Amino acid sequence: MTRDEELMGQALEEARQAGDAGEAPIGAVLADASGAILAAAGNAPIATHDPTGHAEIRALRAAAEKIGNYRLPETTLYVTLEPCAMCAGAISIARVKRLVIAASDPKGGAVWNGPRYFEQSTCHWRPVVETGPFADEASTLLKDFFRARR
């Protein structure tokens with residue numbers, strides 16, 4: 001198993017825990033250049049009463065607090081679902097070097113879909129964006145979660 005698979009697997013575990021808590025099952029893991037985990041988080045806007053409580057934002061905040069800097073260069077962010085515009089903006093501001101995404105989000109995503117945030121001329125920092133492992137697992141987790149609520 002590659003390190004990307006291990007770290008995306010951890011992001012999927014964060015997503016499962018979020019889903020078990022009644023949150024949308026989305027997870028994120030931020031790793032440093034050596035592959036060590038700086039932070040891991042699942043979605044929690046409901047539990048935290050915070051509309052910005054997305055997994056990506058929570059992982060970025062925790063890592064920034066840990067290292068004592070809002071800039072997170074030489075890091076890789078693993079996310080189970082394509083980030084929204086808010087999260088893409090935060091990723092850019094944090095100067096994340098690499099973004100690995102499991103599942104595409106045609107409805108709310110802002111990297112490959114929608115506004116394509118990193119392609120805008122007003123975007124000052126663009127991470128390297130890659131398709132990551134476990135797209136089917138991440139997509140199924142979300143579909144099952146929302147199907148059970150309808």
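This is a predicted model: local features need pLDDT of at least 70, side-chain atom pairs count only at pLDDT 80 or more; totals for chains, interfaces and linings use all residues.
Q: Which residues does L7 touch?

A: A contact means heavy atoms within 4.5 Å. Leaving aside residues up to four places away in sequence, L7 touches V29, A31, G35, I37 and Y78.

Q: What does the radius of gyration say about the chain?

A: The radius of gyration is taken over C-alpha atoms, and the globule rule is 2.2 Å times the number of residues to the power 0.38. For 150 residues, a compact globule would have a value near 15 Å, and the 14 Å of the chain agrees with that. Along its principal axes, the C-alpha trace spans about 40 × 35 × 30 Å.

Q: What share of the residues is buried, and how much of the chain's contacts link residues 24 or more positions apart?

A: Of the 150 residues, 45% count as buried. Among contacts with a separation of 6 or more, 57% are between residues 24 or more positions apart.

Q: What is the accessible surface of the chain?

A: Accessible areas come from the Shrake-Rupley method with a 1.4 Å probe, and for residues only the protein chains shown count as cover. The surface of the chain comes to about 7600 Å², of which 53% belongs to carbon and sulfur atoms.

Q: Which residues of α4 are buried, and what do they pack against?

A: The buried residues of α4 are C87, A88, G89, I91, S92 and A94. They pack against α3, β3 and β4. Just after α4, look for R95, which takes a positive phi of about 65°.

Q: How many salt bridges are there?

A: Side chains of opposite charge can pair when their charged atoms come close. The rule used here asks for a side-chain nitrogen of Lys or Arg within 4 Å of a carboxyl oxygen of Asp or Glu. By this rule the count is seven salt bridges.

Q: Where do E6 and R3 lie?

A: Both E6 and R3 lie in helix α1 (residues 3-20), three residues apart, about one turn of the helix. Their side chains meet in a salt bridge at 2.8 Å, N to O. E6 is partly exposed at 37% relative accessible area, and R3 is partly exposed at 38%.

Q: Where do K97 and E74 lie?

A: The side chains of K97 and E74 meet in a salt bridge at 3.1 Å, N to O. This pair links distant parts of the chain: K97 is in the loop between α4 (85-94) and β4 (98-103), and E74 is in the loop between α3 (55-67) and β3 (76-81), 23 residues apart. K97 is partly exposed at 40%, and E74 is partly exposed at 44%.

Q: Which helix holds D144 and R147?

A: D144 and R147 both lie in helix α5 (residues 135-148), three residues apart. Their salt bridge has an N to O distance of 2.9 Å. D144 is partly exposed at 42% relative accessibility, whereas R147 is exposed at 51%. Elsewhere, salt bridges that share partners join D4, R98 and E130 into one network.

Q: Where is S104, and what does S104 touch?

A: S104 is in the loop between β4 and β5 (128-131). S104 is partly exposed, with a relative accessible area of 40%. Not counting residues up to four places away in sequence, S104 touches L81, E82, W112 and N113.

Conventions
Residues are numbered from 1 along each chain as its sequence is written. Side-chain values use heavy atoms; hydrogens and water are left out. Buried means under 20% relative accessible area, exposed over 50%, partly exposed in between (1.4 Å probe, protein chains only). Helices (H or I, at least four residues) and strands (E, at least two) are DSSP runs, numbered from the N terminus.
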